[in-house]
Amino acid sequence: MTTHTESGQATGMTRRDVLGIMGLTGLVGAIAAIFGRIPFLRSLIPAPRPATRSETERGEHHWGMVIDLSRCIGCEYCVYACQAVNDVPDDMRWNVHVIDRTAAGDIFHLTRNCMHCQEAPCVMVCPVGATYVREDGIVVMDYDVCIGCRYCQAACPYDARHFNWKARDDVNPYEPTWGVAEIERRPRGVMEKCTFCVHRIDAGLERGMIPGVHREATPACVNICPVEARFFGDLNDPESTVSQILASRPTIRLREELGTEPSVYYIPPDGEERLDP
Amino acid sequence: MKRIVNFIKEAPLFSAWIGFLLIPMAFGLYAGVQVLMKGLVLTDLSDRVPWGLWITVDLSSIASGGGAFILSAFVYLLGLKRYRPIARAAVLVGFLGYTSAMLALLMDIGRPDRFWHPVVFWNVHSLLWEITWCVLLYASVLTLEMLPTVLDAPFLARHKWLVKLGHTLHKFAPVLAVFGLGLSLLHQSSLGATYGVLVGRPIWFKPTMSVLFILSAAAGGLALTMTVTIIVGRLAGKHMVPPKLIRELAQVAGFAMLAYLYLKIWDWASIAYYGHNLPADRVEAFSLLSSSTPYDVTFWWGEVLLCGLIPAIIFLWPALRRDEGMLIVGGILAVAGLVIMRWNVTLSGAVIPMDWSPGVADIFPVATYNPTAIEWMVTGGIVAYWLMAFSLAVKFLPIYPEAAEREVAEEKVAATAAQKVA
């Protein structure tokens, strides 16, 4: 306070000026407080979207996925089905396949979509809250709010986010062989990512179906897998397939040490089986 | 029209300079319109390297405005009135830095039509959200700080009420300065933290980022304000501010530079030299960085030696500091160091592939990024805007109200020296 007054005097401000400024600041504060109190005025301020799991109210469901790396044969059907249903071009694949190696050097096939982290780094950093964790644990994008700054892309520890660098006019070669586009193409300049086929889940629940059990309410990548290496379901429901697998088999999550709390679990590869075709 | 012709006759060199700047500005405008029409596909950015040249421009120009908040602190918080003569120049450099940054950002975001979204849609966890607010507010503060200077211009003197408004605004200068200081401290460091908090990125994720950013902004921003003041003085044949003040500023910039280098070295040592217990991905990321990119060369020779130690020595060595030519060299090197540091930070963290599964990192090559002609044109346009606005402001506004004729001032110095001898 002393410094303030001193500097004020040094630059030709009187005590009255300083008090006046302080009063003005108080007035602004009071107006802000009034805005917060009166519901009508408060509704003018958009409510910030919850950004972390602790802020999001826990819903009834927590959708999750289990991918069995000991079964995956790397056929890439899940990759193509995703591209058809979500209308994704080759260079923006939401679901990717890579040939990976175990610590012992054995080859295995890894497919990776968005991990739907409960403490998602991408959600934390978005300057406009365009991406957020839903109550059911799914991390989604609001394409109408995204400004395309690509901070989420820099933040994602899994390379799961893809930017629309250009306006799309391509013909999707995966249609109709691998499925039919169920959602709109995203506009130029926004970020996009795997949604766990959220449109199927929401529509399915409305019609009384159980995602993970009924095919119409289950992500395309899970439905198409020819070796049943992908499972989907409610992690909150102990009876669901995914919960049963998690209870009975050892599973890992990618980069778990970062504290991102992914909703996608992997059954580790079985090296010997893979080497013995 | 006739007035313009007369002006060109009166100041042919200045007019030629302005005319020359129109060329890169035209190219920049053309490239900017192209980007707005066709999108970021015209850049060499990719999902692997989402940020590049324009983010470097954005970070560097914000940092180059760092002189404004340091000098505000000197004049209004510490009451060091002798820094007054250069305060307006610092505010001008800050204002131009922030407007340049906003231009670069407008180009860089995918949806420029939604630039205002952070104001309406809040995410209080996001550093970028906080930075957007700080930059918007601080740009407003700088505009208000600029206004008295503009209203003080000789060609507005006949409008009495404008002059009065300027004086009234000037009264609030200390409040604005203190408010601006808070905003600056917040976002200059947050810009570093923008990278520092990204837990998934082994090269970016560290606590020192914010400190390195704010210290380098203090050093580089002061150096830029000082350098342009010397250059203007040389061209005008005047002392825009007392020479003693320039030397003092150089000293402050030099010490800020040393502090920055000191922390930089320890930051490097704690990770690269003593960091045997670091997570494997970080060790691997750094070895990959030195084996496959010119990072080591640009870091040691660029950031540390040529654009770090050398300007620090020039600014702090009394004999060198007295030579204005040397100070210009030092200032340019210091600003270059600022830009190289921002470029290195932005690129180093992005190009290294992430290993989200054991062995996956080996599959992906180190990403490359070579800015396209469009990106360079926009950058050139922004730089030309900066130079143009600065030149015009210095020519037509009382940026240096206490500029004194060089000869007179030097005679005075000589006279006092003679007196002392006698």
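How many helices and strands does chain A have? Chain A has 10 helices and 9 strands, these being DSSP runs (H or I of at least four residues for helices, E of at least two for strands) numbered from the N terminus. The model is predicted, with local features requiring pLDDT of at least 70 and side-chain atom pairs counted only at pLDDT 80 or more, while totals for chains, interfaces and linings use all residues. Residues are numbered from 1 along each chain as its sequence is written, and chains are lettered from A and ligands numbered from 1 in the order of writing.

Of the 277 residues of chain A, 43% count as buried, that is, 20 or more other C-beta atoms, placed from the backbone, lie within 10 Å of the residue's own. Among contacts in chain A with a separation of 6 or more, 62% join residues 24 or more positions apart; a contact places two such C-beta atoms within 7 Å.

The contact between chain A and chain B takes 52 residues from chain A and 43 residues from chain B. Helix 1 of chain A gives the largest share of the chain A side, 5 residues. Elements giving two or more residues to that side include the following.

| Element of chain A | Residues |
|---|---|
| Helix 1 | 2-10 |
| Helix 2 | 15-37 |
| Strand 2 | 96-101 |
| Strand 3 | 107-112 |

Strand 2 and strand 3 of chain A also pair with each other, in the antiparallel sense over 6 bridges; pairing requires at least two DSSP bridges. A:V96 stands opposite A:R112 in strand 3 of chain A. The two strands form a hairpin with 5 residues between them, and A:G105 in the turn has a positive phi of about 95°.

Technical notes. Buried ≥ 20, exposed ≤ 12 C-beta atoms within 10 Å, placed from the backbone.
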